[in-house]
There are 2 protein chains.
Amino acid sequence: MASTSKLPAGGTRTERLASWAANLRYTDIPQDVVAKTKDFFLDTLGCTIAGRHHPAVIAMSRFAMQMGPSNGKSELIDGDLKFTTSPAFASLVNAASSHVVEQDDLHNSSIMHPATVIYPAALAVAQDVQASGEDFITACIVGYEVGCRVGEFLGKSHYERFHTTATGGVIGVAAAVAHLLKLDAEQTLSAIGTAGTQAAGLWQFLMDATHSKQVHTGKACFDGIFAAYSARDGLLGPRDILEGPRAMGIALVPGSTNPEAIDQNLGKDYEVTRSSFKWHASCRHTHPSVDALSSLMKKNGVAFEDIESVVARTYQAALNVLGLSGRGETVHQSKFSMGFVLAVAAKKGQAMITDFTEDDLKDSSLRQFQNRVTMELDPVIESKFPESWQGTVIVTTKSGQKFTETVEFAKGDPELPLTREEIERKTRALATYGGFTDTGKVDQLIRRAWNLENEKNLNGFIF
Amino acid sequence: MASTSKLPAGGTRTERLASWAANLRYTDIPQDVVAKTKDFFLDTLGCTIAGRHHPAVIAMSRFAMQMGPSNGKSELIDGDLKFTTSPAFASLVNAASSHVVEQDDLHNSSIMHPATVIYPAALAVAQDVQASGEDFITACIVGYEVGCRVGEFLGKSHYERFHTTATGGVIGVAAAVAHLLKLDAEQTLSAIGTAGTQAAGLWQFLMDATHSKQVHTGKACFDGIFAAYSARDGLLGPRDILEGPRAMGIALVPGSTNPEAIDQNLGKDYEVTRSSFKWHASCRHTHPSVDALSSLMKKNGVAFEDIESVVARTYQAALNVLGLSGRGETVHQSKFSMGFVLAVAAKKGQAMITDFTEDDLKDSSLRQFQNRVTMELDPVIESKFPESWQGTVIVTTKSGQKFTETVEFAKGDPELPLTREEIERKTRALATYGGFTDTGKVDQLIRRAWNLENEKNLNGFIF
C-alpha cells in the first residue's frame, strides 16, 4: 500500500487533489464504481485491437522499436504482432491504437476521452510492476478522477483550441501511474506538476486529416509515465500547475476556468461513473443528432429516400470541431462530418464501425444526403453543454412534411449506459474489425475483465 | 544527401521553411556561419558536463535506464558515468544537463536558448546514424534557423507564459533531426507539424524552484526526435502548425505573432550568427544590468561597500521572469534574482559559475545588498526588446552620489562575441565545475570541435 501521507491542510486545490489521489484505497471504492471501471476497461481493449493496423500506430510502434528496449514486461500491440517493451513505449502505441476508431468513451463535462489514455498507461505500468487487479482498478479510478477534474477545470474555451484528452489526460495518467508506483502525496503532486508543464495537443490536425489525434493519446501516456517515474526518482514538479500565476489555467485557457471542479466532492462521487460509452463509430459530437434522427425516422416512418433535408441543432463545440473536417475525404475524417454520419445512420439504420468504409465514401446517395444536412447553433442546447450533450434534428421530407425530434441523452450516456451484453457485443465487433479471429481469446479476455478485481496480475491483456 | 524535393510554390510560410530546411547543403553555408556553429557546440559541451550532477539530470537518467534500451549508439551523461542508449533518451538527459547552469547561449530576438536543445538532439542522432561533421553542422544550422524563426513568430507575448526554448525548440529539433535522417520536404513538414502539436513548457516552475526547466529542454529533444523519426515511418503531421486556424499561433500566443519571421530572408542570413554567449552564470535577463553595474563601478571607482541602492531599468520580460523567483532560496533560484546577481557581481567583480554557492546564499552582505536593488520598467529599453537587450543601472552611494550607466550590448552578444580563447576558458571552467578532472580529454574535445567539419563521426563527444 502507498503511504498515507497527507499534504498540509489549507493548501491549494491541486494539493488536495494530489493528496486524495495518493491515499485512495480499493476498499474505499463503492462497488458500482468498480463495475463501471471494468466496463470501460473491456470497452478500451476492444478499441485497442480495432485500431492496430492504422499507419499512425505502425509508425509509433516503429519509433518504440528504435528507441525503446527490445524486451520488457509491458505488452505492445503492433499490427498483427505483439511485443513486450517498457511501459512508456507500450502505452505510447496502445493508446494511439485505442483512439483510432473513435469508439472509446467520452466524459461529457470535461469534454475528454479518459479511457484511451488512462487504461493503456495503467495497464502497461501494472504489467511493469506486476500490480494486482485491485491495484489496477484503484489506479484507473484515480486517473479518471484527476484527469476529468482537470478537464473540467480547463473547460469549454480550452477545448476550442486544445485536445483536452491530451492536456487533461496527461495529468490523469501521471496520477494513475503515481498510484501504481505507490508514490506519496508530495511525489504525486510533483508528478502532476511535471505532467502539466508538458500538456499539449492542438486541433490543427483536423484541417488535413493527419495523425496527431493518436499522437496526443500516445504521448499523454508517455509523458504522464515520465512524470510519475521521474517524480519517484527525485524530479520536482511545480506545485500549483493548475491555478498558479504561470500555470495551465493562465496559459492554456482563453476564457474562464472552473476552479471548484478540481476538488469539490472528492471521494463523494466518481468521475468514471459520469463517462459515456460510444455506441456509434463517429465523433461523439454527432451522437445526439444520430440518435434524434434515428428516433425521428422510426417514430414517423420516414425512410432514407424520403428525406429532403436535415437541420441538426447543436452546441458550439460541435460546430467548431465538426466544421473543420470538410466533407470527409478519408474514412476517419468522414466520421467528423455531421452530414456524412447522418447519411450513414439514415441509410443503414446504424453507424457502427463496419458502416464506415472506403466504398461508402464513393456512395453518391450518401454524398447527396450529406449535402442536404446543415448544422445550427441551438442556444438552449449550448447553455446546457458540456454538462449535458443534447441534440435536436429537424427533417423536411421530399413531400414537404416537417418533423422535429430532440434527445436529452444519447445511447451510452450515464443515464442510458450499455449493458454488459452490449459491451461484449461491441468488443467482439471491434475485434473482428481489427482482423482478430481468435474468438476463444476474446471470450477469455471478457471473462478476465469481469473478474478483474480477483486477477493476480494484468499480464496477457493485450491481444 | 537528402533528396532535393520542393513543396509546391505558393504554399504556406511553414511549407517554405520546411522546404528550405530539407534542402540546405553544407556547401551553401558561409564559413563564418560554420565557425559560429562550432563555437556554440563547444560552449554547449561545457554546459553539459557542468550540469551533470543535478538531481533533475539524475532523475531523468533513471527514467532513461528504466524505459530505454541498455545499449545503443548515442552517449548519455549521468553524473560521473557515461552510458550509450537510443538517441531519444541520450538527448533527453544531455539536454537537461546542458541547461542546468544557465551558461548556454541565448538568441535575443526569439528569446530562446537554441543550443541546449539543438546540439544534444543533433549529437545523439548523429551518433545514431553515424553522420559526419559536415552533416552535423548542417543539421545544427537548420535547427537553429527553424527553431529561432518559430520563436520569433511566437514572440514576446508567448514568452510571458511559455518557455520558448521548449516550444520553439521542439520544432528546431524536429527540423535538425529530419535533416540528419535525410527526410524530404514533405516528411520534414510532417515532422514540424508533429513537433508543434507537442509544444509545451510553462514558467510555473519558477515559483518554487522546481525542475521543469530541465524537463523542457530534455523533452524538446525527445519529442522533436519522435516527430522526425515517426515522420520517416509514415506519421503525418498537420501541415500548417504555425499559422493554421487551430495551430500554435492561435492557441499559444495571447498577443500578436510575427508571421514574416517564419520565412523572410531564408538562406540570406543565419540565426546562429545572431545568438549570444552567456558570460555570466545567471539568468540572461540580468546580464545587461550586470555589465552596466560593473562598468559603472569601474568608471567611477565605486566599491561594493559604497553602494546604498541600485535601480536596474529594464524591459518587461525581465520583470516578469525575474519577479517570479522571490529572493532566491536555492543556488539556481538565486541566479534569477536581479538583486542577488547584482550583489554577487558587485562584491566579487564577476558572476561566473563558481561565484554562486550555498555559502553565498547565507552571506548577509549579499542579502543586504540584494534588498537595496529595485527593478523598473524602462519604456525606451522595452521598445527595443527583444531585438536588443539593453540595460541601465542607477547607483546611489552611501555618500549620496548618483551615477547612471547604460549598456547597449552585453558581453557575449553578437556585437561583442567571445573569442575562441574565451570560449576555451569558459569550457575548462565548466568542466572543472562539473567535477571533470581529465584535462587531456577536454583538450581533445576542444581540438575536435575546432576541426568539426573534418570529423568522420561524432562519437566520443560526451564526456
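**Domains, interface and symmetry**

Analyst: In chain A, 30 Å separate the centres of domain 1 and domain 2, taken over C-alpha atoms. The model is a predicted one, in which local features need pLDDT of at least 70 and side-chain atom pairs count only at pLDDT 80 or more, while totals for chains, interfaces and linings use all residues. Residues are numbered from 1 along each chain as its sequence is written, chains are lettered from A and ligands numbered from 1 in the order in which they are written, and side-chain values use heavy atoms, with hydrogens and water left out.

User: What makes up domain 1 and domain 2 of chain A?

Analyst: Domain 1 of chain A comprises 13-279 + 450-454, and domain 2 comprises 284-407. These bounds come from an automatic or database domain assignment.

User: How do you know which residues of domain 1 and domain 2 of chain A are in contact, and how many are there?

Analyst: Contact means heavy atoms within 4.5 Å. By that rule 22 residues of domain 1 of chain A are in contact with 20 residues of domain 2 of chain A. The area buried between these two domains is about 1900 Å², of which carbon and sulfur atoms give 65%; buried area is the accessible area (1.4 Å probe) that two parts lose on being put together, summed over both. Asn108(A), Lys156(A) and Leu206(A) supply 28% of the area that domain 1 buries against domain 2, more than any other three residues.

User: Why is the pairing of Lys156(A) with Glu382(A) called a salt bridge?

Analyst: The term requires a side-chain nitrogen of Lys or Arg within 4 Å of a carboxyl oxygen of Asp or Glu. In Lys156(A) and Glu382(A) the closest N and O atoms are 3.1 Å apart, so the pair qualifies as a salt bridge. The count between domain 1 and domain 2 of chain A is one salt bridge.

User: How many residues meet between chain B and chain A, and what area is buried?

Analyst: Here 62 residues of chain B are in contact with 62 residues of chain A. The buried area is about 4900 Å², and carbon and sulfur atoms give 67% of that area. Met67(B), Gln204(B) and Arg246(B) supply 16% of the area that chain B buries against chain A, more than any other three residues.

User: Why are the two copies said to be related as by a two-fold rotation axis?

Analyst: Two copies of a chain are related by a rotation about an axis and a shift along it. A rotation of 180° with 0.0 Å of shift along its axis superposes chain B on chain A, with an RMSD of 0.1 Å. The two copies are thus related as by a two-fold rotation axis. The superposition is by least squares on the C-alpha atoms of residues with pLDDT of at least 70 in both. In chain B, the C-alpha nearest the axis belongs to Pro69(B), 1.9 Å from it. The same surface serves both copies, as 100% of the contact residues of chain B recur in chain A.
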